[in-house]
Amino acid sequence: MINILLCDDHAVVRMGLKMLLNNHEDMQVVGEASEGNEGIQQALELKPDVVVMDLSMPHGKDGMSATSELKKLKPEIQILILTMHDDEEYLFRAIQAGASGCILKSAPHDELLAAIRSVASGNAYLHPSATKRLMEEYIGSVKQGNTDTFNLLSAREKEVLTLIAKGFSNKEIAEQLVISVKTVETHKGNLMEKLQMKTRPELVAYALKKGLLGYGI
């Protein structure tokens with residue numbers, strides 16, 4: 001069962017989401033919040049698996065700030081950003097804040113359900129148009145001959161990066177590569193340092209841009 005906290009300033013939106021999600025046997029809404037501070041408090045008390053977080057909440061703490069603060073307090077809680085902004089800037093800001101995924105409010109119900117299940121299982125989720133733009137940006141960069149720190153990564157680090165982005169835990173990566181968990185953690189630390197990144201979702205977005213995950217997450 002995926003326990004979900006809804007954080008949105010519109011009561012009607014929360015009501016609709018609650019009815020939709022509670023209609024599925026593997027999901028239940030355990031709490032609601034109308035702004036970021038309340039969302040953080042509810043998350044700390046209820047310990048949900050996933051927080052569906054509205055990005056724009058004009059009263060109180062906004063979704064971006066709430067996401068960043070909550071991930072520092074409870075990094076194990078997965079946060080799915082729900083937004084009306086189909087904008088690359090908001091996407092990267094959400095990932096940098098620690099969100100595990102981002103979906104548009106205009107997305108079909110099936111896509112929302114898939115996104116929640118994806119982040120709940122430890123994977124990342126980007127809505128299709130965002131995935132397409134990231135791939136286009138990567139292809140454009142390659143055509144222009146741009147280089148970056150990707151070339152500094154060792155073959156093993158690239159393997160670890162790919163498996164991290166696919167949602168495998170350190171233990172699972174160690175088993176697949178026949179190395180110790182401590183070695184995986186060392187490679188992960190080196191990746192973070194070389195790429196100047198701090199969160200797993202940042203690594204996922206980077207791996208996608210580099211074409212390590214095919215054409216979707």
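Predicted model: local features only at pLDDT ≥ 70, side-chain atom pairs only at ≥ 80, totals over all residues.
## Overall make-up

The chain has 217 residues, and 46% of them count as buried. Its secondary structure comprises 10 helices and 6 strands.

## The largest nonpolar core

In soluble globular proteins, nonpolar side chains tend to be buried together. Here the largest nonpolar core has 24 residues. The members that touch the most others are Cys-7, Ala-43, Val-51, Met-53, Leu-70, Ile-79 and Ile-81. Strands S1 (2–7), S3 (50–54) and S4 (78–83) each give this core at least two residues. So do helices H2 (36–46), H3 (63–73), H4 (88–97) and H10. The largest share, 4 residues, comes from H4.

Met-53 shows how these pieces meet. Leaving out residues up to four places away in sequence, Met-53 touches Cys-7, Gly-63, Ala-66, Thr-67, Ile-79, Leu-80, Ile-81 and Leu-82.

## The cavity

The structure holds 1 cavity of 30 Å³ or more.

Strand S5 (101–104), strand S6 (125–126) and H10 each supply at least two lining residues of the largest cavity. H10 makes the largest contribution, with 3 residues. By type, the lining splits into 10 nonpolar and 2 polar residues, with no charged ones.

## The second largest pocket

The second largest pocket has a volume of about 250 Å³. It is lined by 15 residues, and those closest to its centre are Lys-71, Pro-75, Gln-78, Arg-200 and Pro-201.

Helices H9 (181–195) and H10 (200–209) each put at least two residues into the pocket lining. The largest share is 3 residues, from H10. The lining residues divide into 5 nonpolar, 6 polar and 4 charged.

## Helix H7 and its cover

H7 spans residues 155–165. Its buried residues are Glu-157, Val-160, Leu-161, Thr-162, Leu-163, Ile-164 and Ala-165. Their cover includes helix H8 (170–177), H9 and H10.

After H7 comes Gly-167. The phi of Gly-167 is positive, near 95 degrees.

## Ser-118

Is Ser-118 buried or exposed? Ser-118 counts as buried because its relative accessibility is 14%, and the cut-off for buried is under 20%. Ser-118 sits in helix H5, residues 109–120.

Which residues does Ser-118 touch, beyond those up to four places away in sequence? They are Asn-123, Ala-124 and Tyr-125.

Key: Residues numbered from 1 in each chain as written. Heavy atoms only, no water. 1 Å grid on protein atoms, 1.4 Å probe; cavity = no way out; pocket = protein on both sides within 12 Å on 5 of 7 lines; lining within 4 Å. Points joined across faces, edges and corners; volume = space filled by probe spheres on them. Nonpolar A, V, L, I, M, F, W, Y, C, P; charged D, E, K, R; others polar. Buried < 20%, exposed > 50% of the residue type's maximum accessible area, 1.4 Å probe, protein only. Contact = heavy atoms within 4.5 Å. Core = buried A, V, L, I, M, F, W, Y, C linked by side-chain atoms within 4.5 Å.
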